[in-house]
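Please keep the sequence and the structure in view while reading.

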Amino acid sequence: MKVLAIGDLHAPFTLKKYLRFCKNVDRKLACNQVVFIGDLVDNHFSSFHETDPDGFSAGEELDRAITEIRKWYKAFPEAYVCIGNHDRIVHRKAYSAGISRRWVRDYGEIFDAPGWKFVEDVTIDDVRYCHGEGKKAPQKAKDNMRSYVQGHHHSECGVVWHTGDNCRVFGMQVGNGIDRKSYAMAYGKFGPHPAIACGVVEHGKVATNYLMDL
């Protein structure tokens, strides 16, 4: 497989040019599998941290996120979508409130995306794709001696290899497509600049980052 790994979107706070960039990489590299690496949505309105009192209401943010994700679904109608920590926020709060899972809709139903498979992680050509909470991809690859691709860490982008007597594995941090100027990203205002990029893994053997021109 030739896998296009798309970074965190945090819809509706996604850079407008990121979709076109990912489509161009997909076309030029002739990828035949797509994996969204997680944090498809931001869910700022329901964050466990401080939220902007002048930001979108819960309903408006969700409407805007769905509108944004429809564009991605049209471009990539079949894909795996790793579930990220921001994607889980509403489900976690429902669980904490004692609400049965039967009352909570699945991600595919919310976004009207029947062609997307929402997963915690997925393995393709012996490479594991996941969102990336906890350790970064290079450390996970070293600890488990298997290749990892993940996002989550917005300023991280690159590939680190680990080699042994009869094997070699890599850890790839994909990058992301967030709009740093949006109010939802205010927590990173004074931190490192996000790495706007995606990744391509060929046959589980070659991993390459593609950075978007700013």
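Helices here are DSSP runs of H or I with at least four residues, and strands are DSSP runs of E with at least two, both numbered from the N terminus. Counted in this way, the protein chain has five helices and 11 strands. The model is a predicted one, and the values below are computed from it.

**Overall build**

- The radius of gyration of the protein chain is 17 Å, which agrees with the value near 17 Å that a compact globule of 214 residues would have.
- Taken along the principal axes, the box filled by the C-alpha atoms of the protein chain is roughly 55 × 40 × 35 Å.
- Of the 214 residues in the protein chain, 49% are buried, where buried stands for a relative accessible area under 20%.
- Among contacts with a separation of 6 or more, 68% are between residues 24 or more positions apart.

**The six-stranded sheet**

- Six strands make up an open sheet with mixed pairing, and their order is β4-β3-β2-β1-β10-β11.
- Because β4 (116-119) and β11 each have a single partner strand, they stand at the edges, and one side of each is left without a neighbour in the sheet.
- With direction ignored, neighbouring strands of this sheet are turned against each other by 20° on average.
- Strand β1 (residues 2-6) runs parallel to strand β2 (residues 33-36), to which four bridges join it, and within this pair I6 stands opposite F36 of β2.
- In a regular strand, side chains alternate between the two faces of the sheet.

**Strand β10 and its two partners**

- Strand β10 (residues 197-202) is mostly covered, since five of its six residues are buried.
- On one pairing, β10 runs antiparallel to β1 and is joined to β1 by five bridges, with G199 of β10 as the bridge partner of A5.
- On the other pairing, β10 runs antiparallel to strand β11 (residues 206-211) through six bridges, and here G199 stands opposite N209 of β11.
- The hairpin of β10 and β11 has three residues between the strands, and in this hairpin H203 takes a positive phi near 55°.

- Helix α1 lies across β1, β2, β10 and β11, and runs at about 20° to β10.
- Two packed helices are described by the angle between their axes and the distance between the axes.
- For helix α1 (residues 18-29) and helix α2 (residues 58-75), the packing angle is about 10° and the axes are 11 Å apart.
- Because angles under 35 degrees count as roughly parallel, α1 is roughly parallel to α2.
- The residues that make the contact are Y18, L19, C22 and K23 on α1, together with K71, W72 and A75 on α2.
- Sorted by class, this contact of α1 with α2 comprises five nonpolar and two charged residues, with no polar residues.

**M172 in strand β9**

- M172 is placed in strand β9 (residues 168-173), and it counts as buried because its relative accessibility is 0%.
- Although M172 and A137 are 35 residues apart along the chain, their C-alpha atoms are separated by 5.7 Å.
- Leaving aside residues up to four places away in sequence, the residues that M172 touches include A137, Y148, V149 and Q150, as well as G158 and V159.

Key: Residues are numbered from 1 along each chain as its sequence is written. This is a predicted model: local features need pLDDT of at least 70, side-chain atom pairs count only at pLDDT 80 or more; totals for chains, interfaces and linings use all residues. Side-chain values use heavy atoms; hydrogens and water are left out. Buried means under 20% relative accessible area, exposed over 50%, partly exposed in between (1.4 Å probe, protein chains only). Two strands pair if DSSP finds at least two bridges between them. Axes are lines fitted to C-alpha atoms, for helices over the stretch in contact, and angles run from 0 to 180 degrees between N-to-C directions. Angles under 35 degrees count as roughly parallel, over 145 as roughly antiparallel, 65 to 115 as roughly perpendicular and the rest as oblique. Contact means heavy atoms within 4.5 Å. Ala, Val, Leu, Ile, Met, Phe, Trp, Tyr, Cys and Pro count as nonpolar, Asp, Glu, Lys and Arg as charged, and the others, Gly among them, as polar. The radius of gyration is taken over C-alpha atoms; the globule rule is 2.2 Å times the number of residues to the power 0.38.
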